[in-house]
Amino acid sequence: MLFNLLFPLADDFQLFNLFRYITFRTGGAMLTALIISFVIGPGVIRWLKSMQGSGQPIRTDGPETHLKKKGTPTMGGLMIMISVLISTILWVDVTNAYTWIVLLVTVGFGLVGFGDDFLKLTKRNTKGLSGRGKMVAMIAVSGVATAWYLHVAQSPLDTSLAVPFLKDVLIPLGFLFGPWAVFVIVGSSHSVNLTDGLDGLAIVPIMIAAASFGLIAYLSGNAVFANYLQIHHVPGTGELAVFCGALVGAGLGFLWFNAPPAMVFMGDTGSLAMGGALGTVAVITKHELVLAIIGGLFVLETVSVIVQVASFKMTGKRVFRMAPLHHHFEKKGWSEPTVVIRFWIIAVILALAGLSTLKLR
C-alpha cells in the first residue's frame, strides 16, 4: 500500500523512490511485522489466557516432560497472522494478484486452525475438528486459490512442473496441475502442523523456509537474475518476497514469546496457516519440488508418522518410540532444547541444499 501511495510521488520527493525496490520493502515488512509482534504479543497472550483458563490440553500419552506445560495458552498463531497481514498489506504492491492468493490461503487455513484449536479448548480434549472436516475445508480453500492462480498465471508455466537441477525443463501437467497444487499446499500445511510439538521447534524452520523462498521469489520475479541462474522467470513473483519478509519478522517476534519455556503455543491457527502459505509460494514460483528439500525437516516429520502408522497396522509393531520424529528422540532421553536446536541445524542444512539448486543446472 505504501508503494501504491508514495512511489507516484517520487518525482517530487526523491526519498519515495526507495519504495520501488522490492528489497527495501521486504526489509520494511520484516521490521514492521517484528515490531507489531512485540507490541501486540503481551496483550494477545493475556487475552488468550483469560479465554482459555487451563490452556491447551496436553496429550497424556506424550513425553512426561510435557505435563509441566499444562496451562500454557495456545492460538498464538493469531499473533503471527495479524503481524503478517498488516505488514504485508502495508508494504506490498496491492495490485499484485499473487500476494492476495497467498494471503487468501494464509487466512483461510488460519481460520480452519482457529476452529480446530477452539474445539480442543471447549471440549477439553486433543482432537478438535474431525480429520475429514479439516481436510475438506483446506482442500476448498486451496482449490479456490489454485483456480485464482490459473486465472492470472501465464502459459506455459501455469500448468507445468519445473524440475530442479535441469534448466528449461517443464513437465506439462495439464488438468492434473490443479490436484497437484492442492496436494502441495495442503501437504505443506499438514507437515508444518506435525512439526509443531516443542517450544520453538516449528517457528525457526518456518522462518528459514520463508527466508529461502523470499530469495527464490525475488530471483524468479527478476528477468535478469532468472536468466543468469537459468531458472524460470515468473513475472510478478518478486512481490512475494515482501510477504516472506513479513513472515520472517512475525516469526522472530513470536519466537520471543515461544522460546523455552514457552509463554504461548502456536497452535493449529499458526502452523496450518504458515505451512499453507509456504506451499502456495512454492507453487506460484514453480519450486514445488525444491520445497521438499528446503522444508525437508517437515517432510521427515510427516514420513515418520506415515511409517509409524503403516508399520503398526501391518505388523503391530512401532518403528519409532513415538511419532512424530521429535517425540522419538525425547523418548530416547534427549532433552527438549537438544532436540529443538539439532532440528534447527538440520533445517539450515536442508535450506542450503535447496538453495543450491538455483545454481546447479
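This is a predicted model: local features need pLDDT of at least 70, side-chain atom pairs count only at pLDDT 80 or more; totals for chains, interfaces and linings use all residues.
I number residues from 1 along each chain as its sequence is written, and side-chain values use heavy atoms, with hydrogens and water left out.

I read Pro261 as exposed, because its relative accessibility is 71%; buried means under 20% relative accessible area, exposed over 50%, and partly exposed in between, with a 1.4 Å probe and protein chains only. The C-alpha atoms of Pro261 and Thr72 are 9.6 Å apart, although 189 residues separate them along the chain. I then turned to H9 (residues 240-258), where 17 of the 19 residues are buried, so this helix is largely enclosed by the rest of the structure.

**Annotated positions.** I found that UniProt, in an unreviewed entry, places the feature "binding site" at Asn193 and Asp268; such annotations may be inferred rather than shown by experiment. These positions are spread over 76 residues of sequence, yet they cluster in space, with a largest C-alpha distance of 6.5 Å. Asn193 is in helix H6 (residues 177-195) and counts as buried because its relative accessibility is 17%. Asp268 is in helix H10 and is buried, with a relative accessible area of 7%. Leaving aside residues up to four places away in sequence, I list Asp268, Ser271 and Leu272 as touching Asn193, where contact means heavy atoms within 4.5 Å. With that exclusion, the residues touching Asp268 include Asp116, Lys120 and Lys134.

**Aromatic rings.** I took rings of Phe, Tyr and Trp (its six-membered ring) as paired if their centres lie within 6.5 Å, with planes under 30 degrees apart stacked, over 60 edge-to-face and the rest tilted. The count by this rule is eleven aromatic pairs. Phe19 and Trp91 are stacked, at 5.8 Å centre to centre and 15 degrees between the planes. Phe19 is buried at 9% relative accessible area, and Trp91 is buried at 11%. I also checked Phe38 and Trp256, whose ring centres are 5.5 Å apart and whose planes are at 70 degrees, so this pair is edge-to-face. Phe38 lies in helix H2 and Trp256 in helix H9, so the pair ties together parts that are 218 residues apart in sequence.

Key: Helices (H or I, at least four residues) and strands (E, at least two) are DSSP runs, numbered from the N terminus.
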